[in-house]
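Open the model in your viewer and keep the selection panel at hand.

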Amino acid sequence: MTDVPVDLDKHRGMAAQKATDLRRALADVENNVRELREREADLENRMMSAPATSWPEAAVKARYLLNLYAASLSTEDTRHRALVAALFDDFAKLSGES
């Protein structure tokens with residue numbers, strides 16, 4: 001018996017290797033999505049738990065909500081997309097960002 005592990009992927013056919021790679025990639029994506037949802041929920045809970053104490057803090061919350069809204073817009077809704085972009089430009093200008 002040897003202490004060197006056997007790489008089983010080398011003993012499979014190409015189709016089986018590709019299927020294994022796809023299952024692994026899918027599992028990684030599903031884990032990343034789950035972690036992202038947990039982080040988003042944590043962020044939203046923290047945003048709701050304390051009121052903003054300044055306009056910049058309120059703008060951070062507004063930007064977050066606007067990003068959620070913009071992500072839900074259809075690609076054909078150019079008017080609302082332009083309005084969101086203009087508002088982001090206003091936020092940047094008023095906060096001194098370039």
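Select α2 and α3 first: in this predicted model, the two helices are roughly antiparallel to each other, because their axes cross at roughly 160 degrees and angles over 145 count as roughly antiparallel. Helix α3 covers residues 78-95, and its axis comes within 11 Å of that of α2. The crossing of this pair is left-handed.

Now show the side chains between them. On α2, pick Ala-59, Ala-62, Arg-63, Leu-66, Asn-67, Tyr-69 and Ala-70. On α3, the partners are His-80, Arg-81, Val-84, Leu-87, Phe-88, Phe-91, Ala-92 and Ser-95. Coloured by class, the contact of α2 with α3 shows ten nonpolar, three polar and two charged residues.

The crossing of α1 with α2 is left-handed.

Which residues of α1 meet α2? Select Glu-40, Leu-43, Glu-44 and Met-47 in α1; across from these, α2 contributes Val-60, Lys-61, Tyr-64 and Leu-68. The contact of α1 with α2 consists of five nonpolar and three charged residues, with no polar ones.

For the last stop, stay on α1, which runs over residues 14-49, and centre on Thr-20. Is Thr-20 buried or exposed? Its relative accessibility is 6%, so Thr-20 counts as buried. Draw a distance from the Thr-20 side chain to the backbone oxygen of Ala-16: the value is 2.9 Å.

Technical notes. Residues numbered from 1 in each chain as written. Predicted model: local features only at pLDDT ≥ 70, side-chain atom pairs only at ≥ 80, totals over all residues. Heavy atoms only, no water. Helix = DSSP H or I, 4+ residues; strand = E, 2+ residues; numbered from the N terminus. Buried < 20%, exposed > 50% of the residue type's maximum accessible area, 1.4 Å probe, protein only. Polar contact = N/O pair within 3.5 Å; in protein donor to acceptor, adjacent residues only side chain to side chain. Left-handed = near helix turned anticlockwise from the far one by under 90°. Contact = heavy atoms within 4.5 Å. Nonpolar A, V, L, I, M, F, W, Y, C, P; charged D, E, K, R; others polar. Axes fitted to C-alpha atoms, helices over the stretch in contact; angles between N-to-C directions. Parallel < 35°, antiparallel > 145°, perpendicular 65-115°, else oblique.
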